[in-house]
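Here is my note on the model, point by point. Please read it with the structure open.

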Amino acid sequence: MLITPCRDRMFSICWGVMPSTMRKICSSFLILSLSAFGVSGGEQQMLAIGRGLMGNPKLLLLDEPSLGLSPLFTEVVFGAIQSINKSGVTVLLVEQNVYQSLSISNKGYVIEIGSIVLTGTGEDLLNNQDVKKAFLGM
């Protein structure tokens, strides 16, 4: 099904979402204006993030949003996460793509065997020699 301005009212009723919110989400994720059938993994991830944004959350929890994605869609998803955060939504991101996630993070935590072993800004952690050696292969 296509999401178009004339269907905003239908989605407002079915999802309890204001038409302006629906338009904002669709503009953030252009793929949401396409058919929902036969979408790729990256497109599915963007749809899932879009669904999470429909309630205008203050906090968005994301678990491995880049898992199984092509490098192109990984860039798109991380760009969207960064935009969401800049719009005022706090994002809690659990991700094994260390470089990408720390590159967009205000604060990061390194967890080993269930314990926090290191914390700092994303930039500090990217420059940390232990993080470079253990997670970035440097």
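**Notes on the predicted model**

1. Burial and surface. Of the 138 residues in the protein chain, 33% are buried (buried means under 20% relative accessible area, exposed over 50%, partly exposed in between, with a 1.4 Å probe and protein chains only). The chain exposes about 8,900 Å², and carbon and sulfur atoms supply 58% of that area (accessible areas come from the Shrake-Rupley method with a 1.4 Å probe; for residues, only the protein chains shown count as cover).

2. Ground rules. This is a predicted model, in which local features need pLDDT of at least 70, side-chain atom pairs count only at pLDDT 80 or more, and totals for chains, interfaces and linings use all residues. Residues are numbered from 1 along each chain as its sequence is written, and side-chain values use heavy atoms, with hydrogens and water left out.

3. Confidence. The protein chain averages a pLDDT of 78, and 71% of the residues score at least 70 (pLDDT is the predictor's confidence in each residue, from 0 to 100). Residues 1–15 fall below 50; beyond near neighbours in sequence, this stretch has 27 contacts in the model (contact means heavy atoms within 4.5 Å).

4. Fold. The secondary structure comprises seven helices and four strands (helices, H or I, at least four residues, and strands, E, at least two, are DSSP runs numbered from the N terminus). Along the sequence the pattern is α-α-α-β-α-β-α-β-β-α-α. Of the contacts with a separation of 6 or more, 45% are between residues 24 or more positions apart.

5. Cores. Which residues make up the largest nonpolar core? There are eleven: Met46, Ile49, Leu53, Leu60, Leu62, Leu69, Val77, Phe78, Ile81, Ile84 and Val89 (a nonpolar core is a set of buried Ala, Val, Leu, Ile, Met, Phe, Trp, Tyr and Cys residues joined through side-chain atoms within 4.5 Å). Two or more residues each come from α3 (41–53), β1 and α4 (71–86). The most come from α4, with four. A second, separate core has six residues, including Val98, Val110, Leu125 and Leu126. In soluble globular proteins, nonpolar side chains tend to be buried together.

6. Phe78 and Gln100. Leaving aside neighbours within four places in sequence, Phe78 is in contact with Ser66, Leu93, Glu95, Asn97, Gln100, Ser101 and Ile104. Gln100 sits in helix α5 (residues 98–104). Gln100 counts as buried because its relative accessible area is 14%.

7. Exposed leucines. Leu59, Leu61 and Leu92 form a nonpolar surface patch, together about 310 Å² of accessible area. Patches are made of residues with over 30% relative accessible area and no salt bridge; like charges are joined within 9 Å, nonpolar side chains (Val, Leu, Ile, Met, Phe, Trp, Tyr) within 5 Å. A salt bridge is a side-chain nitrogen of Lys or Arg within 4 Å of a carboxyl oxygen of Asp or Glu. Leu61 belongs to strand β1 (residues 59–63) and is exposed, at 58% relative accessibility. Leu72, in helix α4, is exposed at 62%. Its C-alpha atom is 8.8 Å from that of Gly42, 30 residues apart along the chain.

8. Positive phi. Asn56 is not a glycine, yet its phi is near 50°. Asn56 lies in the loop between α3 and β1 and is exposed, at 51% relative accessibility. Glu64 also has a positive phi, about 50°. Glu64 is in the loop between β1 and α4 and counts as buried, at 15%.
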